[in-house]
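I opened the model to look up two things. The entries below cover a pocket and some aromatic rings.

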Amino acid sequence: MDGIICINKPSGWTSFDVVAKIRGITRTRKIGHAGTLDPMATGVLPLFFGTATKLCDILPNSEKGYLADFQLGCTTDTLDITGTVLTEQESHVSKNQVEAALENFRGVISQLPPMYSAVQVNGRRLYDIARAGQTVERAPRQVEIKKLDLLSFDELAQTGQFRVLCSKGTYIRSLCSDLGEALGCGAVLTALVRECAGDFMLEDCLTLEDVQTLMAQGDLEDKMLPLDRVFQGLKAIHLNEIQAKKFQNGVKLDLNRVHYRGQDESYRVYGPGDTFLGLAKLDLEKMELVIEKMLKRN
C-alpha cells in the first residue's frame, strides 16, 4: 500500500500506539506518522504507507489547528490534567480578563518546551529526564500563533475553551500554562483536539474501527489519500515521457526544455498520466531541474 491515511487518534493512545495498531490491522510494516500527538489528545494524525514514508522527513512546516479546553487555578508537572498537581488556588478571573491576556499570545511568541516532551537536550528526551525527577535548562523557541479565539469561559467554574491555529512545534499545554501564569492563578490543559494538520482535516480522518472494517472488506486502499496531498501548496511541473524517464533515472533536466512557473524553492513533479514522481528544485545558475526527493523510479 502506498498513500496516506489520516486517523482520528483516540484519547489515551500514544501516536506510536496507533502506528502499531494499524501495522497489525494492515499487516504492513512500512508505516510512518507525522505530527506526534500527546496521549490525552485526539484528532488528526496522518499515517504514511509504503513509498509515502519517504515524505516524512521533508514535510512542509504546515500549520496546525486545535480546539483546547483549560482550567484555571491549578498547575501540574505535565502542564495538563493528567499530571501531578503542583499548586491549587481559588481564582476569580473574568472572561474579559482572559480575553485581554490572550492578546499577548497572538503573533510570534517565545515558548519554553515542557519538561514532559520529546525534545532532546544533550541527547536525552526531556520526558526521560522529567520521569527521573530531574529538570534541565531549556532554550525558548519561537512559534507563531496565527489565530487564537476564546470560544467560551465559565466564570463560576473557571473553565474555558479556545481555538488556535499555530505553527509547527507549538505546545498547546505550554500556551495554557503561560496563560495561567499571565493571569496569576495557573492553568492546565484539560482536553485537546487537533482539528487540522496542514491540508488534512478531521473530515479526512478514519477511526481505528473504520480501518479494521475497511481492511476486512478489502476497501482500505480506496480510502487512501494521494502521496502529493501534503504538497498541494507547491507549484507543479509536468514532464513528458522522455523527460520523466530521465528524471526517474536521476538526470538533471535542462530548465530551458521544462515548463515551469515562477522561481519557487520546490516543485511537485509529475510524469505522463499525472503520476507523482517526487519533488525538485530549480538551479537557475546552471538552468537545471535538480531532484529533491524521488518517489517513483523506473
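I sorted residues by class: Ala, Val, Leu, Ile, Met, Phe, Trp, Tyr, Cys and Pro are nonpolar, Asp, Glu, Lys and Arg are charged, and the others, Gly among them, are polar. The model is predicted, so local features need pLDDT of at least 70, side-chain atom pairs count only at pLDDT 80 or more, and totals for chains, interfaces and linings use all residues. Residues are numbered from 1 along each chain as its sequence is written, and side-chain values use heavy atoms, without hydrogens and water.

I looked up the second largest pocket; its volume is about 250 Å³. Lining it are 15 residues, and Thr76, Asp77, Leu79, Leu86 and Met115 are the closest to its centre. I read off seven nonpolar, six polar and two charged residues in the lining. A pocket here is an open set of 1 Å grid points where a 1.4 Å probe fits, with protein on both sides within 12 Å along at least five of seven lines; lining residues have an atom within 4 Å of a point. The volume is the space filled by probe spheres set on the points.

**Aromatic rings**

Rings of Phe, Tyr and Trp (its six-membered ring) pair if their centres lie within 6.5 Å. I found three aromatic pairs by this rule. Phe70 and Phe162 have ring centres 5.8 Å apart and planes at 35°, so I logged the pair as tilted (stacked is under 30 degrees, edge-to-face over 60, tilted the rest). Phe70 sits in strand S4 (residues 64-72) and Phe162 in strand S11 (residues 159-166), 92 residues apart; strands are DSSP runs of E, at least two residues, numbered from the N terminus. Both Phe70 and Phe162 are buried, meaning under 20% relative accessible area with a 1.4 Å probe, protein chains only. Phe70, Phe153 and Phe162 form one aromatic cluster.

Key. Helix = DSSP H or I, 4+ residues; strand = E, 2+ residues; numbered from the N terminus. Buried < 20%, exposed > 50% of the residue type's maximum accessible area, 1.4 Å probe, protein only.
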